[in-house]
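Please keep the sequence and the model in view while reading.

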Amino acid sequence: MQKVDRLMRLQKAGVVAVVRGDSPEVAEKTADAVIAGGVTAIELTFTVPHADQVIANLTKKYADDKSVVIGAGTVLDPATARVAMIAGAEFVVSPSFNPETAKMCNLYATPYTPGCMSPTEMQQALESGVDLVKLFPGAVMKPAMVKAVLAPFPYLSIMPTGGVNVDNMAEWFAAGVALVGAGSNLTAGAKTGDYAAVTAQAKKYQAKLAEIRG
């Protein structure tokens, strides 16, 4: 039930913010700014120094808010996945598919979302118990790819990441995605310490999501 609950909360959130940063402090402030704007699913990447510490801080801070889902991104191997989950990560995202990472996440009843580009990779992910596939990089694959793969895999849940923005979100959802991942277009203000700009951009994403879902 834990895995199902987390998947449902992710889908309800609709937008997953990919949060990076040169320091733990910047990453945490960026996540806070995104959540303040209404985007409540956070993918804290392991390119952030001491990412597990930031995940632990965020999960503790938002423990009473069930709309907030804190996960780990850029997870390349099962060891990193385990560290992330022990720190409190409620979902795990990778730029590519790794079957051993899938096994580790299944062991902890945690959703694993690997990056896939081809139908072959998607099928392998499904066979390994993956419930949500990350179409990556979205800027290369385009919404037409979603329509194409949903024909032979109508039960596949897809989250495009890379190239997603407020202007093309509707096109992605119209193609059949379950949710979207948004990175630099959402969090750009953090690079200059303008966290208010991050919150403002998150509000735009949330407003567009509400419009799409009617």
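In which loop is the place of His50? His50 sits in the loop between strand S2 (41-45) and helix H3 (51-61), where helices (H or I, at least four residues) and strands (E, at least two) are DSSP runs numbered from the N terminus. The model is a predicted one, in which local features need pLDDT of at least 70 and side-chain atom pairs count only at pLDDT 80 or more, while totals for chains, interfaces and linings use all residues. Residues are numbered from 1 along each chain as its sequence is written, and side-chain values use heavy atoms, with hydrogens and water left out.

**Overall form**

- The chain holds 10 helices and nine strands.
- Its radius of gyration, taken over C-alpha atoms, is 16 Å, close to the 17 Å that the globule rule gives for 214 residues, so the chain is as compact as a globular protein of that length. The globule rule is 2.2 Å times the number of residues to the power 0.38.
- The C-alpha trace spans about 45 × 35 × 30 Å along its principal axes.
- Of the contacts in the chain with a separation of 6 or more, 58% are between residues 24 or more positions apart; a contact means heavy atoms within 4.5 Å.

**Burial, surface and charge**

- Among the 214 residues, 51% count as buried. Buried means under 20% relative accessible area, exposed over 50%, and partly exposed in between (1.4 Å probe, protein chains only).
- The chain exposes about 9500 Å², of which carbon and sulfur atoms supply 55%; the areas come from the Shrake-Rupley method with a 1.4 Å probe.
- There are 19 positive and 19 negative side chains, and the centres of the two sets lie 3 Å apart. Lys and Arg count as positive, Asp and Glu as negative, and His and the chain ends are not counted; a charge is placed at NZ of Lys, CZ of Arg, CG of Asp or CD of Glu.

**Backbone features**

- His50 has a positive phi of about 55° although it is not a glycine, and at 53% relative accessibility it counts as exposed.
- Ala109, also not a glycine, has a positive phi of about 50°. This residue lies in the loop between helix H5 (99-107) and strand S5 (112-113) and is partly exposed at 29%.
- Phe136 and Pro137 are joined by a cis peptide bond, with omega about -5°. Pro137 belongs to the loop between strand S7 (133-135) and helix H7 (138-150).

**Cysteines**

- A disulfide is a pair of cysteine sulfur atoms within 2.5 Å, and the count here is zero.
- Cys105 is in no disulfide, and the nearest cysteine sulfur, that of Cys116, is 13 Å away, too far for a bond.
- Cys105 is buried at 0% relative accessible area, and Cys116 is buried at 0% as well.
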